Amino acid sequence: MGQKQQTTTPLPTASALADADLVRSCRAGDVTAWRSLYERYAPLVHRFASALGVPVDEREDAAQDIFIAVFRSLKHFRGEAQLSTWIYRIAARHAIRLGRRRRTRETMRLTMLNEKPTVLNDPAERSTQIATLDRMLAKLPPKKRTVLVLFEIEGLSAKEISDVVGCPENTVWSRLHHARSEMVKAARRMVP
Amino acid sequence: MKWLEEPQNEAERLLREGLDQAAKRTGDEITHRRVWAKVSEAIEGPQPRFWFSGRLLFAGAATVLLVAASVVAYPHVRQLSQGHVSQPGPVAKNTANSAGANAAESMVPAGTAVAPADDQPSVETQAALLEAERVPGHVVRTRAGERARVALGGGAEAELAENSAITWDNQHRPSVEKGSARLSVPHQPPGWRFSVTAGPYVVTVVGTKFQVHVAMNTVSVEVTEGVVEVGRGSNSTRLVAGDSWHGPLYPEEAHAVPAAPQERPQAIPTPAAKPSVATTRGLQDAQAALQAGDTNRAVEILTRAAQGTGPAAENAAYELGRITRYNLNRPRQAVALWDKYRTRFPAGLLRTEADLSIVETLSQMGEVRAALAEADAFMSRHPTSERRQDVQRLAERLRAAETASDPK
């Protein structure tokens with residue numbers, strides 16, 4: 001019969017780990033690390049998907065799919081880019097794909113008017129500025145939109161954006177310039 | 001300086017404000033919890049399934065090679081080994097005294113990490129960690145003079161003593177079949193439990209070190225660190241560090257239920273150990289049934305899934321309430337279902353959402369007092385929740401309504 005033992009000094013929590021250590025722990029099957037990675041990047045994924053036009057009622061499913069894709073591909077992550085850049089890349093691809101599907105669905109919506117009202121859990125969704133911004137962003141082509149969102153909302157540098165979208169830095173600057181001009185024009189149209 | 005930080009007109013100001021607001025759109029706590037509940041289902045189990053399939057393939061190929069090699073080597077090995085049969089595998093270390101294989105016995109199908117037993121085995125000095133196939137029916141055995149370390153997934157591992165065996169049951173839980181296993185389980189995230197079976201008993205832990213021993217007629221558990229629960233059917237006993245417990249391997253014959261720990265005689269009854277692990281498949285089927293308009297079928301699937309264990313069962317238990325509320329329009333029954341969820345998963349991933357759903361539903365039903373009580377409980381239970389302010393406002397409205405209807 002064992003005696004009650006002194007507990008050992010607690011190990012550092014996964015949330016304090018650097019991305020590289022977190023990835024290593026995830027690959028080793030550490031469920032705590034999986035959760036920490038999720039908690040660290042869930043707000044980013046949510047924000048990015050929102051800005052790329054994933055509607056409120058599809059955001060949870062989108063985030064779910066993105067994280068499953070992240071966890072599934074983690075073994076291929078070579079650590080050459082930042083983990084966040086890599087997650088942005090997956091999220092962008094997914095959001096654009098969702099957008100394509102959505103446009104297809106919208107053509108069918110006329111005959112299917114049984115959609116349920118959307119529940120707004122996020123207080124930020126109730127903001128008028130957000131609603132206006134979303135309407136303006138929706139008018140941008142996906143490539144310009146992605147660059148503008150990554151630069152203006154996510155705060156990435158042109159170099160990081162070029163890694164995410166897979167184009168030269170000059171192209172990033174060019175797309176950003178055009179996107180900004182179109183946004184200002186759209187804003188002027190909305191505010192006479 | 002940010003773009004449009006100094007706007008020249010109203011349009012630019014609106015645009016800048018919109019961008020600033022969009023940067024704060026990080027989702028609320030409930031959304032993140034709900035998504036994690038779904039994501040964790042996909043990566044549920046000792047290893048994510050998408051990794052598991054590749055390993056299965058590899059291990060299967062290794063097994064075929066090993067069996068073939070065993071058949072060829074069998075006559076030679078038999079001469080060397082008298083009464084000591086084992087199959088060293090591809091990841092085996094320190095296998096000098098583990099002898100050859102008996103293909104017919106096929107004790108160690110995918111290879112094992114074995115090491116000579118000593119009187120005081122320690123994790124640091126023993127064999128390399130074996131990443132065994134964690135599939136139902138797969139057995140890792142040690143023979144006389146051997147011991148092995150087996151990875152159980154999620155950072156947990158078992159140190160098998162000599163003459164012991166560990167397998168995986170139909171719910172992919174490790175199961176100590178014979179002999180002794182010292183288990184080390186890292187602390188599990190909220191909502192996660194790690195279960196090991198031994199005979200008819202399920203040992204459930206959150207993060208601990210303990211030893212399970214299965215003898216001819218008894219099962220015993222000795223806890224070194226942390227807390228474990230030993231359960232069978234609806235009975236369970238909680239053990240803390242220093243406790244040990246034993247029960248009959250065939251309780252039907254002994255007419256016994258788990259006895260209280262020897263050093264701490266008071267047994268703490270807890271809810272019944274559930275018989276199966278719910279899977280994501282069930283939830284997907286329920287979703288498909290809902291989309292097809294077959295709500296009753298969805299309820300049926302979810303009811304079944306909710307009876308299992310794990311995040312999928314938890315999700316199903318919560319979803320049952322949601323469907324009952326919004327699809328079947330039975331608010332009272334929905335509240336009862338969410339309440340049931342809270343009882344089963346008091347620290348569950350969707351606990352905040354269940355509490356919130358109950359507050360909202362009671363309020364919509366006009367059950368002012370009950371809604372107020374729930375709202376107050378919500379605010380004290382979740383003081384940092386992003387929805388606290390919403391609930392507070394609701395509580396204020398409910399109080400005003402209560403006062404208006406009862407001016408005394």
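**Reading a helical model, step by step**

Tutor: Read along its sequence, chain A runs α-α-α-α-α-α-α-α. Keep in mind that this is a predicted model.

Student: How many helices and strands does chain A have?

Tutor: Count each kind of element. Chain A has 8 helices and 0 strands.

Student: What share of chain A counts as buried?

Tutor: Burial is judged by relative accessible area, and the cut-off is under 20%. Of the 192 residues in chain A, 45% count as buried. As for what stays open, chain A exposes about 10,400 Å², with carbon and sulfur atoms supplying 53% of that.

Student: And how do I read contacts along the sequence?

Tutor: Look at how far apart the partners sit in the sequence. Taking contacts in chain A between residues at least 6 apart, 65% join residues at least 24 apart. Here's a pair to find: A:Ala92 and A:Val165 are 73 residues apart in sequence, yet their C-alpha atoms are 8.0 Å apart in space.

Student: Where does A:Ala92 lie, and is A:Ala92 buried or exposed?

Tutor: Find helix 4 of chain A, residues 83-109; A:Ala92 lies there. A:Ala92 is buried, because its relative accessible area is 7% and the cut-off for buried is under 20%. Leaving out residues up to four places away in sequence, A:Ala92 touches A:Phe48, A:Leu52 and A:Thr146.

Student: Which residues of helix 1 in chain B are buried, and what covers them?

Tutor: Among them are B:Ala11, B:Leu14, B:Leu15 and B:Leu19. The cover includes helix 2 (31-51), helix 5 (128-138), helix 6 (142-153) and helix 8 (169-190), which belong to chain A.

Student: Is B:Glu12 buried or exposed, and what does B:Glu12 touch?

Tutor: B:Glu12 is in helix 1 of chain B. With a relative accessible area of 10%, B:Glu12 is buried. A polar atom of the B:Glu12 side chain lies 2.9 Å from the backbone nitrogen of B:Gln8. Not counting residues up to four places away in sequence, B:Glu12 touches A:Val184 and A:Arg188, plus B:Leu4 and B:Pro7.

Technical notes
Residues are numbered from 1 along each chain as its sequence is written. Chains are lettered from A and ligands numbered from 1 in the order in which they are written. This is a predicted model: local features need pLDDT of at least 70, side-chain atom pairs count only at pLDDT 80 or more; totals for chains, interfaces and linings use all residues. Side-chain values use heavy atoms; hydrogens and water are left out. Helices (H or I, at least four residues) and strands (E, at least two) are DSSP runs, numbered from the N terminus. Buried means under 20% relative accessible area, exposed over 50%, partly exposed in between (1.4 Å probe, protein chains only). Contact means heavy atoms within 4.5 Å. A polar contact is a pair of N or O atoms within 3.5 Å; within protein, one must be able to donate a hydrogen and the other to accept it, and residues adjacent in sequence count only if both atoms are side-chain atoms. Accessible areas come from the Shrake-Rupley method with a 1.4 Å probe; for residues, only the protein chains shown count as cover.
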